[in-house]
Amino acid sequence: MGIKKVGAKPQTLVEKIFFLDFIKGLKTTIKHLWKKVITVDFPYEVVTPPPRFRGVHGLRTVDGTENPEFDSWVKRLKIKPPEPGETRCIACKFCQAACPVPELFDIQSEKLDVPEGHPHYGLKVMTVFNMDLSKCTFCGLCTQACPTDCIIMTDIYDLSSYTRRSWVLDKDMLTQIANDFVARRGKEKFDEKSQWREDQKLWPEYDRTREKLWDFNMPKLGLNYHDQTA
Amino acid sequence: MSWISVEKAKKLEERFGYPKVSQDKSGVVSVEVPKDKFIEFLKFLKEDKEYDFRMFLDLTIIDHGEKEDPRFQGVVILFSPTYQHRIIVKTWALDETLPTLTNLWKGAKWAEREAWDMFGIKFEGHENLVRMLLWETYPYHPLRKDFPLEGIKDTYLPSLNETLRGDSLEGLFNYDRMHTAIPTMEDLEITQKKRMPVKTSQIVLNWGPLHPGTHGTIWFLFDLDGEYVKQCDIIIGQLHRGVEKLGENVNWQQFIPYTDRMDYIAAINENHAYVLAAEKLLGIEIPEKAKWIRTMMAELSRINSHLLWLGTYALDLGALTMFLYTFREREKIMDIIEGISGARFTINYFRIGGVFADLPYGALDAIEHLIKDLPERINDYETLLTRNRIWLSRNKDVCIITEEDVYEYGLTGAVARGSGVPYDVRKIDKYDAYGEVEFDIPVGETGDSYDRYLVRMEEMRQSIRIIEQCVAKLRRMSKNDPYFFQTPDEKKLKVTIDGRGMKLPAGEVYASSDNPRGELGFYIYNKKDGLKAHRMRIRSGAFYNLQVFTKAIIGRPIADAITLLSTIDPVVGETDR
């Protein structure tokens, strides 16, 4: 069993008399004195969060990139088949079931008020989807539970507000956040079946601010495994 | 592996007659003894050369439910440094009392106070049985099964409610006006007075609860003779959130985000300990790739935590530059972790059965880049501090913790290693890929603050060594290798990434991981197969390490308190849970 003894060595006389410890320390400090500033001047400069970043939630809409099981889920839960541009949410409440703080969700669905014989007779539609983000732990379990890849997490992290009320996001707000995010950075994160892309980057490489964090010495991102393709 | 063999335990049965030995599927060996023979039996285990269970790990209580009789069971976990294995000793707490263990192990003092606080079990012979985490006038014992999760709402507290132009809002915006009890100033005064019943001096110095030097909300009381500490006690619990109670009331996977919030500096390691325990109870073996990823991430997190420790420790002792240097490196590690898992601090990357996602494109390159640079930076830190005469005189021979203390108080992690005890769960349990990587355990010689400092510095270098091996191994793997547990027998054993409907079998397990702050162990007792744990005990390394503060500070000047606290390095989220 590898055991490595570490112990104190007393200062030698030479070190004591000539203040070698201080001189060495000062040398290190002076070496660092000439380095460039590495702090980011927030909010004038921002670092773009990585694609996997777990920020404020969003509800995706139907845009032709649903996963293969989407139609069968819609049928199984008797949801009105959504038109393009409508929400993907099927009110299955899986997100609530997976959440460590389930009371932050308020999800309701209603039967459509249509006469018998109408093609949508007896079908439901999601009407209420409120999330109280002041209770959210941003653990991401809801996004993994969602069978239709509807609920996603975006790269928005500034949540401050004057009232608690504004932490509660409703379905329109969530949909807007997701649409905006998908338009901005959807290609980086999702593939054409709404799954996470296999070649999701560790960070967005176009972000120049991140160089500061890395002392202007960024690593060059490459393949992890030998059989991976870019 | 790291449990006493059943044959050896059976010998105890033959020798005494009364112990009942049982082994769980997860490998845990437990011995049940009657209450009146409890102390005698433990004393034998401690002192007999053939067993030599000198080291105290944990003491807790299981509440079997209101209807059961007897209802409470005491559980003691011990470790034998000679034979490198553990044992669990159980006994029934008849009449809600147990004999005290403080005469055998001093470290049981806080554990017993916590058991009294949480379960209302009285320990006969305990020198000052006061509450540990809650305040003295609190009437309930919250970990009892009849105490509801949301608490007993008996205090009127309307101030949390938000009003808009005088009207209270409806729905999600509104809170209940009745709340669980909160301590008043009088309650805190009573609590403070009860902590030190016999004072020797006129002045008791309060340090904390909100002092920048305590790194969190810890409240120290020093009984001073001039500048020297005669007596010391610590009031913790200001950050107590009842994580154990939550663990008994949320599903298995849902508990992982809560473990993030215990030791928030090294959240990955907290997740690690928990998923190890749950996997052991499930009896599954996770895929090779997941093991190596986890090992790598855990070590990254260890470096991250040690860098924060080094920065704040040096800052406390007056070396301000250090703080800026270490935070620069730390930022890079956080950046990598953020890219891999999606969060910087509360990471929640591990799952029961592996990890939730494979490494993103470029992760290994970034990590390689980081660890190539890091040894040089650590050398820089060492030139600034290690030989510096001010640093030496503030640290050398300050607050010595002896080897005896390590066993008595159940000290683990760098505090134990600084005192010359090569106790490292990574070597003992060989969980995940630790059995296959090469690394040394740094140990100190005298057990002073300086040794603890050197040990942690060396630990960072060893972590870099481990990460190098992990990266090399992961490079050889394929992208198609699974990173999450797979089984052809889906119906029998359901393990999902989001964890809905995951059931864990009945049984008990104790599994731990070596955290930057000591051994973090999860003792899970499951009565029947279930979605939730019956008892979730968290053996916090920082809690037990902090306890030795009250002993090591005695006879030292008050200025050493900050050195000692920094080298013990507790995180309040973990001590209070």
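Helices (H or I, at least four residues) and strands (E, at least two) are DSSP runs, numbered from the N terminus. The structure is a predicted model, in which local features need pLDDT of at least 70 and side-chain atom pairs count only at pLDDT 80 or more, while totals for chains, interfaces and linings use all residues. Residues are numbered from 1 along each chain as its sequence is written, chains are lettered from A and ligands numbered from 1 in the order in which they are written, and side-chain values use heavy atoms, with hydrogens and water left out.

B:Ser463 is placed in helix H15 of chain B. B:Ser463 is buried, its relative accessible area being 0%; buried means under 20% relative accessible area, exposed over 50%, and partly exposed in between (1.4 Å probe, protein chains only). Leaving aside residues up to four places away in sequence, B:Ser463 touches B:Glu299, B:Arg302 and B:Ile303, where contact means heavy atoms within 4.5 Å.

Helix H15 (449–475) is also one of the elements that give two or more residues to the side of chain B that touches chain A. The contact between the chains takes 81 residues from chain B and 74 residues from chain A. About 6900 Å² is buried between chain B and chain A, with 54% of it on carbon and sulfur atoms; buried area is the accessible area (1.4 Å probe) that two parts lose on being put together, summed over both. Five salt bridges are counted between chain B and chain A, a salt bridge being a side-chain nitrogen of Lys or Arg within 4 Å of a carboxyl oxygen of Asp or Glu. B:Arg377 and A:Asp215 meet through their side chains in a salt bridge (3.3 Å, N to O). Across the interface of chain B and chain A, 32 residue pairs are in polar contact (both at pLDDT 80 or more). A polar contact is a pair of N or O atoms within 3.5 Å; within protein, one must be able to donate a hydrogen and the other to accept it, and residues adjacent in sequence count only if both atoms are side-chain atoms. Among the elements on the side of chain B that touches chain A, H9(B) gives the most, with eleven residues.

Within chain B, the domain assignment gives domain 1 (6–124) and domain 2 (243–576), with bounds that come from an automatic or database domain assignment. The centres of domain 1 and domain 2 of chain B, taken over C-alpha atoms, are separated by 27 Å. In the contact between them, 35 residues of domain 1 of chain B meet 32 residues of domain 2 of chain B. The area buried between domain 1 and domain 2 of chain B is about 2900 Å², and carbon and sulfur atoms give 54% of it. B:Met55, B:Arg86 and B:Trp110 supply 22% of the area that domain 1 of chain B buries against domain 2 of chain B, more than any other three residues.

B:Arg86 lies in strand S5 (residues 85–92) of chain B and is buried, with a relative accessible area of 0%. A polar contact of 3.3 Å links the side chains of B:Arg86 and B:Ser512. B:Arg86 also forms a salt bridge with B:Asp429, in which the closest N and O atoms are 3.2 Å apart. Eight salt bridges are found across the interface of domain 1 and domain 2 of chain B.
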